[in-house]
Amino acid sequence: MSKFYTFRIKRYLPDQNPPTRWDEFRIKLNSMERVLDGLVKIKENIDGTLTFRKSCAHGVCGSCAMNINGKNRLACQTLVKDLPEIIEIEPLPSLPVIKDLVVDMTLFFEKNDKVLPYLINDEPPPERERIQSPEEQHRILESITCIMCGSCTTSCPVFWADKQYLGPSALLKSYRFLFDTRDRATEERLQAITGEHGVWRCHSIFNCVEVCPKEIDITNHILKLKRLAVKKGFRGGER
Amino acid sequence: MWSWLFHRITGVILVAGLLYHFIFMHFMGHDNYSYEAVAQRLKEPSWQFFNIIFLLSALYHGFYGLNGLVSEYIKGNYWKRFMKYVVFIIPIVLAFFGMKIVIF
Amino acid sequence: MRYRWHIGSLAWLVHRITGVLLALYLIAHIFVLSHLKDPSSYNQIMNMMKNPVIKIGELMLFAVVLIHVFAGIRITMLEIGFSTKYHKQMAYFSAFAVCLIWLIGAFYFLKEVF
């Protein structure tokens, strides 16, 4: 069953005056198609200048995160039949826009680098792999599924106001290594996340949990980080 | 971390304190907050202790919250540092005023 | 920028606004009380408090305190390990509790006047 949908897209064309405008496209989509299919159809048939990121189109790469009807989601994971007839699409909030729906993710990835997103273990490597029990693996399983699409960090009201805040995505990454039994750098990691703009700026707003395309309970992970920092009696320079 | 944890602890103290404060000052009739009754109560050491803890908790809790707002919303280093001083000094001044009434 | 609200972000916003109001009220409260050293000025203020307009203000303040307290209890419960699965139910329950306690409190407040 196919139906007409109106795509209202917020355009940003830096070489035009004014650079920002709203464009409307009316296209026919069947109930199995996703917002991303609509965008591809518009780009192919109506307006070739429409710019957006896409890659895998199966919810794995995290390229096509955008704000659809007031909520950050992956365009490749949102079926049009679940949305009203008018679909409003904006780029991810609070990051600088490069063109149309493409935002500059540099700030987002900088946060990620701050939490040391790699395994630190200076013990001599064993003969085979560093072994983890299924239970130990289970503790970090949920956080490993993060695809770093940026939906969570750009949905966070604290991040909108305070660009120095690490954000849910980086904190989740920090959790992934702090609770990894193979990792040894607990002190350094806690040092990295307990600054003035670190984990204490999370106010349990749950916007990140609402938008996460992998349905990770991010706030729960951040709360566990807070509890760990308290348990370790860690003195971050806060004031 | 300690400042954050202390914010939570003072929060819990305030919930208990407010319960007491509201019941005493508003729900138990006029006799409890006439000048004589209040002055009488302020002379007792246990009430003085309660009031001081209550006062300091409230000031810490409130101004730690404002400190967080300054961290998040104030842009510009100079302005931010100024506001940090403001939210640090006001509670100290108020603590002085508050102590003055508790300990006549 | 428009962004869709849900109960979690709404609870945060309300918590934040009531927090600022209370901090500002705290300044006024301590400052005014610290200048009431003799019975006459104290009683003057207390008589002023009987004014219905101020009574309504007091009731609103009571609501602000309750909202802030219950939002704080919800956040603290989550932080000490209550399951985040139920955070929405907790927010709805808090809103209900605030209304209930406010109505009971308002009854006692107004009993003083009449």
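Predicted model: local features only at pLDDT ≥ 70, side-chain atom pairs only at ≥ 80, totals over all residues.
Helix α6 of chain A covers residues 167-178 and helix α9 of chain A covers residues 218-231, and the two pack at an angle of about 60° with their axes 9 Å apart. The crossing in which α6(A) passes α9(A) is left-handed.

The residues that meet come from both helices: α6(A) brings Pro168(A), Leu171(A), Leu172(A), Ser174(A), Tyr175(A) and Leu178(A), while α9(A) brings Ile218(A), His221(A), Ile222(A), Lys224(A), Leu225(A) and Leu228(A). How do the residues of this contact divide into nonpolar, polar and charged? Nine are nonpolar, two are polar and one is charged.

Of the 239 residues of chain A, 39% count as buried, and among its contacts between residues at least 6 apart in sequence, 66% join residues at least 24 apart.

Chains B and C also touch, in a contact that takes 20 residues from chain B and 21 residues from chain C. On the side of chain B, the helices listed below each supply at least two residues, and α1(B) gives the most, with seven residues.

| Helix of chain B | Residues |
|---|---|
| α1(B) | 2-27 |
| α3(B) | 45-73 |
| α4(B) | 77-102 |

This side of chain B divides into twelve nonpolar, six polar and two charged residues.

Note on methods:
Residues numbered from 1 in each chain as written. Chains lettered and ligands numbered in written order. Contact = placed C-beta atoms within 7 Å. Helix = DSSP H or I, 4+ residues; strand = E, 2+ residues; numbered from the N terminus. Nonpolar A, V, L, I, M, F, W, Y, C, P; charged D, E, K, R; others polar. Buried ≥ 20, exposed ≤ 12 C-beta atoms within 10 Å, placed from the backbone. Axes fitted to C-alpha atoms, helices over the stretch in contact; angles between N-to-C directions. Left-handed = near helix turned anticlockwise from the far one by under 90°.
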